[in-house]
Amino acid sequence: MYRIVLGKVSVLSAGALPAALSEQAPQGARRARWLAGRVLLSHALSPLPDIIYGEQGKPAFSADTPLWFNLSHSGDDIALLLSDEGEVGCDIEVVRPRDNWQTLANTVFSLGEHAEVEAERPEQQLAAFWRIWTRKEAIVKQRGGSAWQIVSVDSTALTSSLSVSQCQLDALSLAVCTPTPFTLSADAVQRL
């Protein structure tokens, strides 16, 4: 089972959470995203299992809960991928202009990923950049790695042990990396 839920940080961060959980929220710029993620998880699972953190800081449920999840946010949008199949990763990005996207692509994209961008019409190349970026991030996050490892990921040359799927929802690029085959589509996404 895979479940994908999208929401808005501004709405979810104002949602109700148990006081003990709210007290764990970091202060500062990350607070609203952290709260939104916990509220999104609480909507998906009640009661919310205990959350622990891996070596690279990836949140996960404790070993006695046979569920895996990953959260991602971009702008005011937040995505949750929940699974009972094994470790998962997801990434969401608002498809937006980025002045240095070609320089960034030259730094972190593989030859196959560059070919994918170049195959697009010029007006579609920025969307292709974000499509590839979200796939790469989802793979890194599935592995529990950090953003610094994105350069070592080639989203066009995957092993059969992982499934990566991507779709565009309006101005959002969403990608998931799962341990078993799964095809992401707009119909598979629940919106809160």
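I started with the second largest pocket of this predicted model and listed its lining: P18, A20, L21, Q24, W34, R38, L48, P49, D50, I51 and Y53. I sorted these residues by class and got 8 nonpolar, 1 polar and 2 charged. I then looked up the elements behind them: α2 (19–22), α3 and β2 (51–53) each supply at least two residues of this lining. For the volume I noted about 200 Å³.

By class I noted 9 nonpolar, 9 polar and 10 charged residues in the lining of the largest pocket. I checked which elements give at least two residues each to that lining, and they include α3 (31–44), β4 (68–74), β6 and α6. The largest share, 5 residues, comes from α6.

I recorded an open sheet of 3 strands in the order β6-β8-β7, with antiparallel pairing. I marked β6 (89–94) and β7 (163–169) as the edge strands, each pairing on one side only. The twist averages 10 degrees from one strand to the next. I saw that helix α6 (residues 125–142) packs on the sheet and touches β6, β7 and β8. I noted about 150 degrees between the direction of α6 and that of β6.

Last, I went through the pairing of β7 with β8 (residues 172–178): the two run antiparallel and are joined by 7 bridges. In this pairing I located Q166 opposite A175 in β8.

Terms used
Residues are numbered from 1 along each chain as its sequence is written. This is a predicted model: local features need pLDDT of at least 70, side-chain atom pairs count only at pLDDT 80 or more; totals for chains, interfaces and linings use all residues. Side-chain values use heavy atoms; hydrogens and water are left out. Two strands pair if DSSP finds at least two bridges between them. Helices (H or I, at least four residues) and strands (E, at least two) are DSSP runs, numbered from the N terminus. Axes are lines fitted to C-alpha atoms, for helices over the stretch in contact, and angles run from 0 to 180 degrees between N-to-C directions. Contact means heavy atoms within 4.5 Å. Ala, Val, Leu, Ile, Met, Phe, Trp, Tyr, Cys and Pro count as nonpolar, Asp, Glu, Lys and Arg as charged, and the others, Gly among them, as polar. On a 1 Å grid over the protein atoms alone, a cavity is a set of points where a 1.4 Å probe fits but cannot get out, and a pocket is an open set with protein on both sides within 12 Å along at least five of seven lines; lining residues have an atom within 4 Å of a point. Grid points are joined across faces, edges and corners, and a volume is the space filled by probe spheres set on the points.
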